[in-house]
Amino acid sequence: MPEGDTVWQAARRLHSALAGKVLTRSDLRVPKYATADLTGRTVLDVTPRGKHLLARIEGGLTLHSHLRMDGSWKVYAHDQRWTGGPAHQIRAILGTADRTAVGYRLPVLELLRTADEHRAVGHLGPDLLGPDWDPGLALANLLADPTRPLGEALLDQRNLAGIGNVYKCELCFLLGVTPWLPVGALPQDRAAHLPALAKSLLEVNRDRPVRVTTGRRGQDLFVYGRAPRPCLRCHTPVRVADQGDGSRERPTYWCPTCQTGPAPAPGTHRSPQARPVRPHSPPSRPGPGRPVQLRTTN
């Protein structure tokens, strides 16, 4: 599932292509909005809110979309071939005089009054990449249920908006605890540092095509997708197990040596199939991983 930095990049591409321009083509391919016509209206801006995209359009309208697992927005020049998937997967087309934005496999697409955006995103906690970011409120939200596993609390967008499964795993590694540790058991100094660390990880990656948390070329992430390869710090094989709230289980990666805290329940362990190393990546080198330099922002 795209995370906050990926959605931020998508919003920037859409804003660059559409903002300030009049729509010459509008096609919303969902039954509820099949007859909606936005042509002749100017796109005012495209704004990310956590993992949500809000395209605000002249006349007090907002086109709200969420990518979830497989959705994407692609921007094309008029003479460019569309390559995002087969035509039957297209859910939205927004065209201007020189660009066309095409939404593929969008599981959430709705046309709202801009004044009613709270119906779509009002439940979200502080946005890690948004102007409403409030580290104190984010931490208070996380600690509100001290018995909840840290990994589940981080994924709850009502606590703070923008963290997905990759950042959940990487944050827990950098904090030195397993994702199954109850939030209330997180040492106070690490809990206090968590909001700033999470924000810094997303900020340093929002302009990058490849997400990096280690600062090491070819070894982009500490634990996510690395099972059963050795931990970059201690060489213990990285493990993977399912974690979820019962409605959905997510593959969760951790190092049993570098991260302290409860282990996953029996029966949740997955077969350790690591993601293949990119062909252009140099061979793995032994030695401790060095985190990317993070800028703390309040």
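Predicted model: local features only at pLDDT ≥ 70, side-chain atom pairs only at ≥ 80, totals over all residues.
Ground rules. Local features need pLDDT of at least 70, side-chain atom pairs count only at pLDDT 80 or more, and totals for chains, interfaces and linings use all residues. Residues are numbered from 1 along each chain as its sequence is written, and side-chain values use heavy atoms, with hydrogens and water left out.

Cysteines to begin. A disulfide here is a pair of cysteine sulfur atoms within 2.5 Å. The count is zero. Look at Cys 234: the nearest cysteine sulfur belongs to Cys 255, 3.5 Å away, and Cys 234 is in no disulfide. Cys 255 is in none either. How accessible are they? Take the cut-offs: buried is under 20% relative accessible area, exposed over 50%, partly exposed in between, with a 1.4 Å probe and protein chains only. Cys 234 is partly exposed at 26%. Cys 255 is buried at 0%.

Now the aromatics. Rings of Phe, Tyr and Trp (its six-membered ring) pair if their centres lie within 6.5 Å; planes under 30 degrees apart are stacked, over 60 edge-to-face, the rest tilted. There are four pairs. One of them is Tyr 76 with Trp 82: stacked, 6.1 Å centre to centre, 20 degrees between planes. Tyr 76 is buried at 3%; Trp 82 is partly exposed at 27%.

Another is Trp 180 with Trp 254. Their centres are 4.9 Å apart and their planes at 75 degrees, so this pair is edge-to-face. Trp 180 is buried at 13%, and Trp 254 is buried at 3%.

Last, a charge over a ring (NZ of Lys or CZ of Arg within 6 Å of the ring centre and within 35 degrees of the ring normal). The charged end of Arg 233 sits over Phe 222, 5.1 Å from the ring centre.
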